[in-house]
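Here is a report on one structure, arranged by topic.

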Amino acid sequence: MLNTILFVLILGPFIAGALCFIIRSGHVRSFIVLAMGCLIATASIILFIKGPFSHTPPPLLGIPTHFLVLWGDDLLLFVMLYFAFKHGHLFTKILIIFQIVCLDYFELFMVDHTENFPLFFADNLSLIMVLIISIVGSLICVFAIPYMNKHEEHQGLKKSRQPKFFAFLVVIIGAMNGLVLSNNIIFMYMFFEITTLGSFMLISHDQNETAINNAVRALWMNCVAGAAFIIAMIWAYVIQGTVDAQKLIQAGHMGGIMLTPLALLCFAAMVKAAQIPFQSWLLGAMVAPTPTSALLHSSTMVKAGVYIALRFAPGYAGTFLSQSLAVSGAFAFLATSAMAIRESNGKKVLAYSTIGNLGLIFACAGINTPEAITAGILLIIFHAFSKALLFLCVGDIEQHIGSRDIEVMRGLYARMPRTTLIAVLGIVTMMLPPFGVLLSKWMAIEAASKHLFVILPLAVGSAMMVVYWARWAGILLSAPHGLKVEPEKQGLLTRFPLLVLVWGAVVLSLCAPLVYSKLVVPILSAPSFSIRAGIFENPTGTFLFYPVMLILALGFIYAVYAAKKARKARLSGPYLCGAQTTDPESFEGPMKKPVAVLSGAIYFESIFGNQKLTVWVNIFGGMLLALLVGGSL
Amino acid sequence: MIKGIIMVFIGVFVAPLLGGLIAGVDRRLTAWFQSRYGPPVWQPFFDVIKLFGKERMVVNRWLVFCAHVYITAAMLSVVLFFLQSDLLLILFVQAVGAIFLVIGALSTTSPYSQLGANRELIQILTYEPLIILAFVGIYLVTGSFRISEILVQTKPLLVSLPLLYIALCYALTIKLRKSPFDFSTSHHAHQELVKGFLTEYSGPYLALVEIGHWYEVVLILGLCSLFWATSWIGIIALVGVTYFCEILIDNVTARLTWRWMLGYVWPMGLAMGFVNLIWLHGR
């Protein structure tokens, strides 16, 4: 049973990807993607119900598993090398050749393959990740079916590029499942590299100059992560003589000698999660079709980074590495919030907010108390749903209005009421109580309160976050006066993922105490909060979760009722100092000519809009990373 | 249990009365500073009653929705305060109201409302970090974010947190929208602003916003009172002096720009707060 489920979750997407690539019929492809989505979502739920396990599956087709991994790794690296040569990027070539040499030497001459330990290990952290990857990831793939058809209509291609696109879209899901379930660190490395290649292929999908440049940038940055990973792996093996991740975590705690490999792993994780100064690859990924961004940002790829940091967190608890990780993460949170506040490009705002939230998760991993780890894990869960939802909304909006600029979305409510309401709800779940993201942020702030260099960036950064979210939500609603709101047409395959995600985000938040006590507590060394009647409580603070939710919900319902009742109220035009013409949206200007009313939001160009700011932020972020690695040598 | 019910009662019913009364006293004092006679102390209540009697007129129905969410959140935050709950939770619940008020203002196309809403967001941006730092300071002294833990302290918090109290006073001035920080909306008539982000709230809905603001005034002064919560005389003296200074500053300063506010309050407030945190941490 377990073998079958693991096969479905990890290799299933690879098979589906291969089928998508080979069978070039649109309908068959849609069917394969849908079927795979249902299958792995179900499998992930079954796996979750079965609970934690450690397991070694029998060799596939009679070939020892480590051979498969070695071949797979080599194949993968040579494919990446091919692309490095194709695009003539010297640094990438060096990095990949370095990885090939190290890996082959390591696998063939160093590692003792007779060592006996479970190849797969899952505690609740892995199981939560599998659930998020499989469910959110599948929903994004489903959304991609109608989206990509429309996308290609716009491009007017002779030959559809969709087979390759969907192949890599689903492969990334399989690789992520593999990554979070592996206990052998060599497996982990292989899946880590597959996500690198997959994201490279997806980003370069449109094949124009920007797409290729950004894809190459993503490739070299992620290769830096891969190289750091492989050095960490070999270093750890030299010290501990094992590739069993669980043993490495336990060993890390004992001596300072294990700290360097762990620091390199954290470094790799931070690059993967696009932390400063490596944020540009994730921002560049925005050129790809929206499902790619949604997938990379919410459930896969960047989540691989934070997963690794949280997985190895017990190994570096209480060390300098832990502290510098916390400071680094908090700085990324602050810097990206400042960058997001100056953006009017909706997708970029989402991207910066992703990097910021990942920074917060790293900060939590670095603080490394049970409270902080709880905050980090809850943030992964809630962020995945809300962020996937927002990306899909922006994708849908972009296909309708032809722009991703927030100012162009002004008054979108009149044109796309359904999507707009879903997007506004998504934004609210990202920033306000009683929703899960804010609950985790509360935990994070309370856990960070003893760390002065963490709490200051968190305090300033979260205020900035509120500004850019609120601004966006308000602009979406600012419809011109008296415009009739038209009901919106939306295809089934577009509507279904949006509805599931928005309900997921809301219902998961409703169940936050349950999520905490059933999912998170078993992973922690000691429970961080006691829960009574939906109240989170520990010596530091109290979060009256259900009481607050109840009152706010009642207020919300009454507000909706009052707004409905206001239908009878007299409508008046917006205030224009009495200079209104008969059209409520224009005023009487010079020579009695009507002038249309225009207003724009403040984007703080004079303060945060400076390109120099980015340079300094990158330099400072780089120094913090140097501190992180150098401090643990 | 009975104590809890009394506290909820105070939070829901007594707090707005107190807030309205404070607004009345504020107007009388301001009049006194300006050598005017000023309105009766009960004038804010008369104003609100009159607003409730006005015809309902709206630009769009989002405003109605947002005004109701605002007053719910404001009320809830005050109730949580009187129930001696978690400080950060109170701040976040209060933020729900503040944000929805802005979203409502942004949902109209009036330029006054739009500009005011953007400026209000900048005000939120400026004061939120200061308040969070003040709470962190309280945590470092008492070991908890719960108000109930503050009340069992034997030494006033002001002794350990003097700089953070000053930083909090900046936040207070911004939150009360007093001069020199009254550029999102203002109690006085200003031509360039009209009524800022409250321009489009009218009639009964403006009355709700006004009552919500009374709740918020009580909440903020309540937060100030925590700094000398060891005796009633301390509370009254501290809150009285602080509010008197607020009114004085309101009357002797002119409104400046948001760039000035951000560029002045952040470095000053954050630096003072941080220094205070460092010396607490060093102990």
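## Helix packing in chain A

Helix H10 (residues 259–272) and helix H24 (residues 611–630) of chain A have axes that come within 8 Å and cross at roughly 155°. Axes are lines fitted to C-alpha atoms, for helices over the stretch in contact, and angles run from 0 to 180 degrees between N-to-C directions. H10(A) and H24(A) are therefore roughly antiparallel to each other. Angles under 35 degrees count as roughly parallel, over 145 as roughly antiparallel, 65 to 115 as roughly perpendicular and the rest as oblique. H10(A) brings A:Ala263, A:Leu264, A:Cys266, A:Phe267 and A:Met270 to the contact, and H24(A) brings A:Leu625, A:Leu628 and A:Val629. Residues are in contact if their C-beta atoms, placed from the backbone, lie within 7 Å. By class, the contact of H10(A) with H24(A) has eight nonpolar, no polar and no charged residues. Ala, Val, Leu, Ile, Met, Phe, Trp, Tyr, Cys and Pro count as nonpolar, Asp, Glu, Lys and Arg as charged, and the others, Gly among them, as polar.

Helix H13 (residues 302–311) and helix H15 (residues 346–367) of chain A make another pair. Their axes come within 9 Å and cross at roughly 10°. H13(A) and H15(A) are therefore roughly parallel to each other. From H13(A), the contact takes A:Val302, A:Gly305, A:Val306, A:Ala309 and A:Leu310. From H15(A), it takes A:Thr354, A:Leu358, A:Ile361, A:Phe362 and A:Ala365. Eight nonpolar and two polar residues make up this contact, with no charged ones.

## Model and confidence

This is a predicted model: local features need pLDDT of at least 70, side-chain atom pairs count only at pLDDT 80 or more, and totals for chains, interfaces and linings use all residues. Residues are numbered from 1 along each chain as its sequence is written, while chains are lettered from A and ligands numbered from 1 in the order in which they are written.

Chain A has a mean pLDDT of 89, and 99% of its residues reach 70 or more. pLDDT is the predictor's confidence in each residue, from 0 to 100.

## Overall form of chain A

Chain A has 24 helices and eight strands. Helices (H or I, at least four residues) and strands (E, at least two) are DSSP runs, numbered from the N terminus. The C-alpha atoms fill a box of roughly 85 × 65 × 50 Å along the principal axes.

With 633 residues, a compact globule would have a radius of gyration near 26 Å; chain A has 25 Å, which agrees. The radius is taken over C-alpha atoms, and the globule rule is 2.2 Å times the number of residues to the power 0.38.

## A sheet of three strands

Three strands of chain A form an open antiparallel sheet in the order E3-E4-E5. E3 and E5 stand at the edges, each with a single partner strand, so one side of each is left without a neighbour in the sheet. Neighbouring strands are turned by 20° against each other on average, direction ignored.

E3 (residues 530–532) and E4 (residues 535–538) of chain A pair over three bridges. Strands pair if DSSP finds at least two bridges between them. A:Arg532 has A:Ile535 as its bridge partner in E4(A). Two residues lie between the strands of this hairpin, where A:Ala533 takes a positive phi near 50°. Four bridges join E4(A) to E5 (residues 541–544) of chain A. This is a hairpin too, with two residues between E4(A) and E5(A). In E5(A), A:Leu544 stands opposite A:Ile535, and A:Gly541 stands opposite A:Asn538.

## Where the chains meet

The contact takes 58 residues from chain B and 57 residues from chain A. H5(B) gives the largest share of chain B's side, 15 residues. By class, that side has 37 nonpolar, 13 polar and eight charged residues.

Strand E6 (residues 570–571) of chain A and E1(B) pair in the parallel sense over two bridges. B:Val58 of E1(B) is the bridge partner of A:Leu571.

## Backbone details

The peptide bond from A:Ile276 to A:Pro277 is cis, with omega near 5°. A:Pro277 lies in the loop between H10 and helix H11 (280–284) of chain A. In chain B, the bond from B:Ser179 to B:Pro180 is cis, with omega near 0°.

Definitions and conventions
Contact = placed C-beta atoms within 7 Å.
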